[in-house]
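I opened my notebook to go through this structure step by step and to write down what I looked up.

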Amino acid sequence: MSAWSAEGLVVDRGGFRLGPVNLEVRPGESIAVLGRSGAGKTTLLRALAGLEPMVRGSLRRDGESMGRRAPERRGAVYVPPGLGLFPHRTARQNLRYPLELRGAGDDRRLDEVIERFGITPFAHRRPSTLSEGEKERVAAGRALLADPGLLLWDEPLTSIDPAARRDLLEVLTEVVRTDHVPTVVVTHDSETAFTLADRCLVLDGGSTVFAGQTDDLVRSPPDAFAARFSGFENVWTVAEAELAGRACPPLRPLVARAGAGGLCFPAPSAFPPPSPHADLPLATVRRLAPAPSGYTVDAVVGGIGIRLRWDRTHGPPRGGDPVAFGISLDEIRSLGRTGGGGS
Amino acid sequence: MTSTLSETGARLAHGAPRAVAIVLSASLLILFVLPIVALVTYVPPGTSAPSVPPPPRAGALAPLWPGPGAPTWLVEIAKAAGDPGAETALSFTLFASGIALAVSFVLGVPLGYLLARHRFPGRSLVEAAVALPVVVPHLVAGLALLLLFQPQSPIGSLAIQLGVPVFGTIWGVALVMIYVSAPYTVLASELSFRAVDAGAVEAARTLGASPAQAFQHVTLPLALRGILAGGILTWARAVSEIGGFLILAYSVYPSGPYQGPVTSTLSVYLYNLYQIEGIVGVASTASAFLLLAFGIFLAVRLLERWGRLPWAPRGLLP
């Protein structure tokens with residue numbers, strides 16, 4: 001297994017410019033590339049695979065330059081969105097393909113992978129007859145059989161139901177940790193990103209917005225996109241925060257914390273307004289949805305939407321009801337960067 | 001009351017247009033099929049059913065030869081098919097169309113690939129040029145080829161020097177066939193290559209396949225079925241051509257790979273027969289040609305459906 005590093009990587013793609021991007025991934029490690037549609041995530045993966053020419057920068061595998069190598073000579077296996085399985089071959093023949101290319105006649109490893117990835121029941125079937133989860137297993141197995149020096153997976157586990165997704169996530173995690181394959185995934189799913197990736201790279205409009213530990217991303221998201229991705233239910237721009245602060249004086253200390261890109265905070269707990277309620281912020285209920293521990297309440301404060309949690313012990317609030325909520329300054333994160341606002 | 005009304009409404013909404021569509025479709029199909037039935041079952045006036053059919057002949061159309069008790073119209077067709085002139089014209093046409101099909105494939109499939117997979121300046125012009133032979137009336141195409149290849153022209157004299165004269169030769173016939181039919185190969189291959197999942201090809205590359213290997217293992221097998229279907233269309237268009245032949249190769253003299261008696265393409269042969277003998281003389285021969293063409297077409301379609309084309313190993317077609 002090898003360590004890969006990209007420095008100042010730039011791709012020009014008919015009016016769209018990605019980079020410069022710096023990236024480093026070592027054996028047994030994985031990176032999640034995040035960002036809105038059109039941020040350049042797929043372009044980055046394709047450039048690493050050699051499917052897209054880079055105009056500047058360097059790409060090295062264990063110090064050896066890879067930037068000008070053809071895709072088949074890089075040892076970086078790319079799994080495209082849609083998985084790129086061969087429709088005219090059975091699952092087993094798909095898995096066998098990388099072995100055939102190397103002229104390996106021994107099917108022992110093939111059988112091992114089929115067994116290990118749970119492909120045995122459908123090994124003789126063509127991809128068109130397989131479920132999404134089964135196809136992902138075949139794609140993962142096929143990539144592994146190519147002895148990848150780097151695994152590049154564009155949106156794994158996208159159209160799979162949550163239960164099957166967890167199983168597959170385990171399969172992928174194993175490829176990274178047990179087989180020590182350095183991995184870069186593009187994903188829109190935070191569970192996939194946060195379970196699989198040690199580090200995250202957030203792109204917006206072709207530029208790097210964040211590069212660092214996944215934990216740091218969640219603790220202090222750089223912009224609105226990263227905040228929503230990390231699970232912050234409330235993301236306000238500066239203007240929104242000011243409006244809310246003007247309408248509701250108890251919120252003012254909170255508003256003072258807004259950075260250039262606004263602020264974000266997890267859904268605060270809400271409860272029936274006590275009387276007198278002078279120091280508590282109040283919101284008006286718009287609609288609510290049942291949740292495991294009570295209700296998720298969408299409310300407004302000063303015309304700005306806010307998501308709250310409502311405990312079941314109080315009984316459900318009704319639309320138009322005023323509710324009070326508690327919010328501590330520790331929960332507020334300032335967003336340093338404008339942009340990335342798309343939900 | 002209300003429910004009855006809405007039920008009627010539903011029936012109207014869903015039932016009526018479908019019924020109309022069925023009637024209109026059936027009318028078109030009847031228009032397609034009825035003339036063929038009239039032609040095939042045509043018995044020239046004054047013909048009586050022979051008590052004993054003539055003995056079978058070995059020849060290209062031998063499979064069409066009816067056994068005892070066959071209906072009169074079928075016996076007539078068989079008799080016409082056994083005519084040596086028709087047999088020569090038929091085998092010549094099949095031979096020439098084979099050459100034309102091979103050339104169309106060799107030149108047309110790569111062009112289809114380029115159009116499907118590459119962006120280059122002048123692409124739209126190339127696409128327009130490919131469509132040109134389809135929209136030009138074929139008599140006009142024949143005239144254009146005539147001007148280009150007349151012996152006085154540089155290209156015409158070059159062709160004669162190279163030993164491939166086009167007037168009244170198999171080369172001329174093949175040239176016309178290629179001109180009018182190769183666009184179908186190009187268009188079919190372009191569509192087929194375009195339908196191949198680019199992700200699968202790229203995945204193959206990063207799994208270690210060279211561009212040539214990815215083409216051989218992924219692109220070509222996936223596009224093959226569509227390309228072959230285009231080949232059937234190309235062939236059908238080539239053998240049914242007449243306009244260009246009337247100008248460039250009305251009669252065909254032995255030259256190059258064809259060293260048989262003086263003949264013509266089957267379409268020109270039928271046209272000749274019609275000019276001389278009228279419908280009475282041509283109906284049976286035309287029917288024989290029609291049945292053969294239909295038989296070949298049907299056979300290819302069935303083989304394709306079963307995935308057992310002789311040139312495509314089992315499991316190759318998706």
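The entries below begin with one chain as a whole, go on to its details, and end with the contact between two chains.

**Entry 1: chain A as a whole**

I noted before anything else that this is a predicted model. I looked up the secondary structure of chain A and found 10 helices and 18 strands. I then looked up the extent of the chain, and its C-alpha atoms fill a box of roughly 80 × 45 × 30 Å along the principal axes. Of the 343 residues in chain A, 50% are buried. I also looked at the contacts in chain A with a separation of 6 or more, and 67% of them are between residues 24 or more positions apart.

**Entry 2: the nonpolar cores**

Which residues touch the most other members of the largest nonpolar core? I found that this core has 64 residues, and that A:L34, A:L95, A:F117, A:I119, A:V138, A:L151 and A:W153 are the ones with the most such neighbours. I picked A:F117 from that list and followed its contacts beyond four places in sequence, which are with A:R137, A:A140, A:G141, A:L144, A:V171 and A:V175. There is also a second, separate core of 28 residues, and I wrote down A:V11, A:V33, A:A39 and A:L152 as being among its members.

**Entry 3: positive phi in chain A**

I looked up A:D62, which has a positive phi of about 50° although it is not a glycine. This residue sits in the loop between β4 (56-61) and β5 (64-65) of chain A. Is A:D62 buried or exposed? Its relative accessible area is 52%, so A:D62 counts as exposed, the cut-off being over 50%.

A:L83 is another residue other than glycine with a positive phi, near 75°, and I found A:L83 in the loop between β6 (76-79) and α2 (91-101) of chain A. Its relative accessibility is 4%, and therefore A:L83 counts as buried, since that term means under 20%.

**Entry 4: helix α1 of chain A**

How many of the 9 residues of helix α1 of chain A are buried? The helix covers residues 41-49, and I found it mostly covered, with 8 of them buried. Just after α1(A), I came to A:G50, which takes a positive phi of about 90°.

**Entry 5: a residue in chain B**

I turned to B:Y274, which lies in helix α11 (residues 266-306) of chain B. With a relative accessible area of 44%, B:Y274 is partly exposed. Leaving aside neighbours within four places in sequence, I found B:Y274 in contact with B:I279 and B:V282. I also looked up the separation of the C-alpha atoms of B:Y274 and B:A286, which are 12 residues apart along the chain, and it is 9.8 Å.

**Entry 6: where chain B meets chain A**

The contact takes 22 residues from chain B and 22 residues from chain A. About 1700 Å² is buried between the two chains, and carbon and sulfur atoms give 63% of this area. In chain B, the residues that lose the most area to chain A are B:E202, B:T206 and B:L207, which together account for 38% of what that side buries.

I counted 2 salt bridges between chain B and chain A, as well as 5 residue pairs in polar contact. On the side of chain B that touches chain A, α8 (198-206) and α9 (211-239) each supply at least two residues. The largest share, 7 residues, comes from α8(B). By class, I found 12 nonpolar, 7 polar and 3 charged residues on that side.

**Entry 7: B:E202 and its partner**

What does B:E202 form with A:R46? I found a salt bridge, with the closest N and O atoms 2.7 Å apart. B:E202 belongs to helix α8 of chain B, and because its relative accessibility is 18%, B:E202 counts as buried. Beyond four places in sequence, the contacts of B:E202 are with A:R46, A:L51 and A:Y78.

Conventions:
Residues are numbered from 1 along each chain as its sequence is written. Chains are lettered from A and ligands numbered from 1 in the order in which they are written. This is a predicted model: local features need pLDDT of at least 70, side-chain atom pairs count only at pLDDT 80 or more; totals for chains, interfaces and linings use all residues. Side-chain values use heavy atoms; hydrogens and water are left out. Contact means heavy atoms within 4.5 Å. Buried area is the accessible area (1.4 Å probe) that two parts lose on being put together, summed over both. A salt bridge is a side-chain nitrogen of Lys or Arg within 4 Å of a carboxyl oxygen of Asp or Glu. A polar contact is a pair of N or O atoms within 3.5 Å; within protein, one must be able to donate a hydrogen and the other to accept it, and residues adjacent in sequence count only if both atoms are side-chain atoms. Helices (H or I, at least four residues) and strands (E, at least two) are DSSP runs, numbered from the N terminus. Ala, Val, Leu, Ile, Met, Phe, Trp, Tyr, Cys and Pro count as nonpolar, Asp, Glu, Lys and Arg as charged, and the others, Gly among them, as polar. A nonpolar core is a set of buried Ala, Val, Leu, Ile, Met, Phe, Trp, Tyr and Cys residues joined through side-chain atoms within 4.5 Å. Buried means under 20% relative accessible area, exposed over 50%, partly exposed in between (1.4 Å probe, protein chains only).
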